[in-house]
Amino acid sequence: MIRRAWLPIALLAVWEIGARLGWINSTLLPPPSQIATALVDWARDGALVLDALASVGRVVAGFALAAILGISVGALVALLPVVRRNVVPVIELLRPIPPIAWIPMAILWFGIGTTSAVFIVCVGGFFPIVTATMHGIAHVRRETIQTARSLGAGQWLTVTHVVLPAALPDILSGVRTGLGSAWMSLIAAELVASQSGLGYRIQLSRLFLRSDSVVAGMLVIGLLGVAMSLGLRALERRLTIWNGATLGADAVLGGRPVEQPQAGR
Amino acid sequence: MSNPRLVVDGVFKTYPSAEHHRPAVPVLAGIDFAAARGEFIVVTGPSGCGKTTLIDVIAGFLECDRGRVLVDGRAVTAPGRDRVVVFQTLALFEWMTARDNVAFALKAMGVGAVERRRIADSWLERVLLGGFGDRYPYELSGGMRQRLALARVLAAEPSCMLLDEPLAALDSQHRRMMQDELVKLWRDHDRTIVMVTHDLDEAVFLADRVVVLSERPSHVREIVPIDLPAAREERSRTSPRFRECVEHLWELLRA
């Protein structure tokens, strides 16, 4: 354990010692011990849990909305040429607008608070999901769909049991990207358009020049992001257990042998 | 042939050009043949001659410009369970267990879950995949995947099976094994089979008659009856008559 983590431990030690010896201005960059103290204080009065719950609640609500909208719109676009012709230009136009650029309009429409934050989260999560769904469905092999039709499946059965499951790995990787984007958008929204949550907390700490609390807040944001991403990854594994090829990336990173599907996909 | 199961009658197909300054591509220029109930027809021809297009038209994936395809006297207008296709890639449903793959056609028919399971398991038994019902396709070997694809088609009880080079991706050992299995399955279940292949040995080993197409735009150059005993065995591959048939097909393709 210590052997693998020596680099971060050494950096933390240098950082701590540097701050104590006065090489580092601890207002600009508080030492780890001070950050830890701020974190403990924050946790002790219960505010940490409340802030985290506020943020996670918003991200869950906004992200669920984004997933439902993104997958349905993406599927309709990919399956119906009429929808594709009319909707794709709109999506392409809106996609490059960063979610935080929607904040002023969100405040105008929904005021400062949870609704605005949920809206921003939804915008942040929607685009990666809709794009991945469109591409995932468009790349389902022609022969797979033809086989289903030739086995007597109607449109509905073909879409629900063949097209969507075949596109699921792509859709889920879009969902994972979307979650990252949604979480980042949420924190940005909370910085300016909220009275609670982790983003609001670090903004407040900045006003009091409590840089230790700011960094503690950033730390919690990072850890929660990792936790959600891991949770989603686990769900993804479960849902696409049939996709032997998903072991590929892990194998490259972890040095395990690559398992290939037998033929085709 | 008084009452053919499958009739391909004067089928023409031209692909419109992708870009307007390019000429359209005529692929099929009047294909005619018929297959009797339970007959094994092999279609072969030079590469790019439109064999796959022909399968697409028979399957109902593609509309022909002129001519028609009849199955049991009814004109083909859309894909259907009476003409199930097996592609070279097999196109197994990777997200379904082997059992659900086989049961798919039954589900499309509206057969209930318990009955589906029973029928699917019996087909899996018949292609020697009993006990593999809960496995996903990626867990199966190449030969097992081939048999699974066959079981999935057979469960649909099609009157015609359309095989588009289903064995082309296999190595020669597997290929011969699967050819034997195909012969057995075909003999046991009395299906009409139309199979596309490049492999002339395979054509002679499997076919009752071989439809030889010309290069594009293709027409039927000759329909060669294979007058070997219908019960093909491994040793028929080495008989002089077998070699003669292969040579004759080769002559036709080179002509």
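Residues are classed here as buried under 20% relative accessible area, as exposed over 50% and as partly exposed in between, with a 1.4 Å probe and protein chains only. The structure is a predicted model, in which local features need pLDDT of at least 70 and side-chain atom pairs count only at pLDDT 80 or more, whereas totals for chains, interfaces and linings use all residues. Residues are numbered from 1 along each chain as its sequence is written, chains are lettered from A and ligands numbered from 1 in the order in which they are written, and side-chain values use heavy atoms, with hydrogens and water left out.

At the interface, 29 residues of chain B are in contact with 24 residues of chain A, contact being defined as heavy atoms within 4.5 Å. The area buried between the two chains is about 2,400 Å², and carbon and sulfur atoms give 68% of this area; buried area is the accessible area (1.4 Å probe) that two parts lose on being put together, summed over both. Of the area that chain B buries against chain A, 30% is supplied by B:W95, B:F104 and B:Y138, more than by any other three residues.

Between chain B and chain A there is one salt bridge, a term that denotes a side-chain nitrogen of Lys or Arg within 4 Å of a carboxyl oxygen of Asp or Glu. A:R142 forms a salt bridge with B:D56, with 3.7 Å between the closest N and O atoms. On the side of chain B that touches chain A, β6 (83-86), α2 (98-109) and α4 (142-155) of chain B each supply at least two residues, helices (H or I, at least four residues) and strands (E, at least two) being DSSP runs numbered from the N terminus.

On the chain A side, helix α7 (residues 142-150) has as its buried residues A:E143, A:T144, A:Q146, A:T147, A:A148 and A:S150. The buried residues of α7(A) pack against α8 (155-193) of chain A together with α1, β6, α2 and α4 of chain B. The helix α7(A) is followed by A:G152, which has a positive phi near 100 degrees.

Over all chains, the count comes to 26 salt bridges. In one of them, B:K13 pairs with B:D65, the closest N and O atoms being 3.7 Å apart; the pair links distant parts of the chain, 52 residues apart, with B:K13 in strand β1 (residues 6-15) and B:D65 in the loop between α1 (51-59) and β4 (66-71) of chain B. Here B:K13 is buried at a relative accessible area of 9%, whereas B:D65 is partly exposed at 45%.

A salt bridge of 2.8 Å, N to O, joins the side chains of B:D121 and B:R99, which lie 22 residues apart in helix α3 (residues 113-126) and helix α2 of chain B, respectively. B:D121 counts as partly exposed at 24% relative accessibility, and B:R99 as buried at 11%.
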